[in-house]
Amino acid sequence: MTTSSSERGVSLGMPELPAPAYPDDVRARLETDAREIIARYPDSRSALLPLLHLVQSEEGHVTRTGMRFCADVLGLTTAEVTAVATFYTMYRRRPSGDYQVGVCTNTLCAVMGGDAIFEELQEHLGVGNGETTDDGKVTLEHIECNAACDFAPVVMVNWEFFDNQTPDSARRLVDDLRAGREVTPTRGARLCTFKETARMLAGFPDERPGAVEESGSAGPASLVGLRLAKGETAPARVVHPRDGGPHDEPRGTAVHEPSPTEHLSSHDAPQDTSASDPDHPAGPVAEEGE
């Protein structure tokens with residue numbers, strides 16, 4: 001004796017309808033941009049990644065309509081496009097905020113306070129990982145590495161750096177974003193919306209006056225290896241211990257005293273405050289063993 005799917009509690013449902021097309025004016029504009037992107041590559045299929053950023057810049061996330069557009073202009077199936085769009089985490093699959101706030105929770109940032117920052121922001125914003133606030137301003141996510149370990153813990157907003165953060169400074173950061181107050185990254189260009197960022201990732205220039213000149217670079221600690229590789233040497237540098245306790249320097253060795261304008265890592269004692277948040281110390285808030 002056999003049982004039907006309904007008797008087994010299985011609902012087969014209706015097949016999903018094809019994704020709607022873009023309005024004619026939007027499609028015409030995107031096709032112009034798509035041709036420019038595709039022309040950069042000897043094989044049109046190689047243009048899929050920047051094209052996904054392009055359609056993400058249109059609606060703030062990669063929709064079924066956007067994937068259908070990519071498939072049409074590249075001669076691919078929607079299954080092939082979907083396989084790529086779902087593989088890379090930089091492509092959002094659902095509506096997201098104007099500001100993507102990414103908290104690094106990889107090893108170094110985590111032990112320096114990244115986990116505490118992420119937990120604080122989840123509670124403060126009332127959202128989980130990958131979720132967006134009700135006002136549509138902020139999407140919170142944890143990310144594995146921001147490639148800025150010398151400034152841990154690091155938070156990024158639309159891929160711009162906010163270094164040496166604390167739970168308090170990160171909370172004020174998202175409050176400022178939601179209130180529409182001007183927020184300045186520690187390094188790099190001024191903030192723009194996620195849609196604008198997505199268009200730049202598609203390979204189109206940043207047309208904001210002065211924005212390119214504002215772009216930052218790696219921090220001093222990141223560049224030490226490069227200088228050493230070039231044969232450059234630096235004088236011996238001795239810094240005070242983190243706890244400010246007694247220490248002995250070799251005779252004749254000068255103690256480096258950083259200038260007020262020198263942007264040090266939170267690991268470079270005796271700096272006891274975050275360069276991006278002068279009123280609050282960086283690093284763990286609990287004593288070792290707590």
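Arginine 27 is partly exposed, with a relative accessible area of 22% (buried is under 20%, exposed over 50%, partly exposed in between; 1.4 Å probe, protein chains only). The model is predicted, with local features needing pLDDT of at least 70 and side-chain atom pairs pLDDT 80 or more, while totals for chains, interfaces and linings use all residues. Residues are numbered from 1 along each chain as its sequence is written, and side-chain values use heavy atoms, without hydrogens and water.

**Exercise 1.** Find which residue forms a salt bridge with arginine 27.

*Solution.* 
1. A salt bridge needs a side-chain nitrogen of Lys or Arg within 4 Å of a carboxyl oxygen of Asp or Glu.
2. The partner is glutamate 31, with the closest N and O atoms 2.9 Å apart.
3. Both residues lie in helix 1 (residues 24–38), 4 residues apart, about one turn of the helix (helices are DSSP runs of H or I, at least four residues; strands are E, at least two; both are numbered from the N terminus).
4. Glutamate 31 is partly exposed at 26% relative accessible area.

**Exercise 2.** Locate the two partners of the salt bridge between aspartate 135 and arginine 178.

*Solution.* 
1. Their N to O distance is 2.9 Å.
2. Aspartate 135 sits in the loop between strand 2 (131–132) and strand 3 (138–143), and arginine 178 in helix 6 (residues 167–179), so the pair links distant parts of the chain, 43 residues apart.
3. Aspartate 135 is partly exposed at 38%, as is arginine 178 at 31%.

**Exercise 3.** State how many salt bridges the whole structure holds.

*Solution.* 
1. The search finds 12.
2. One of them joins arginine 171 and aspartate 168 at 2.8 Å.
3. Both lie in helix 6, 3 residues apart.
4. Shared partners join Arg27, Glu31 and Asp72 into one network.
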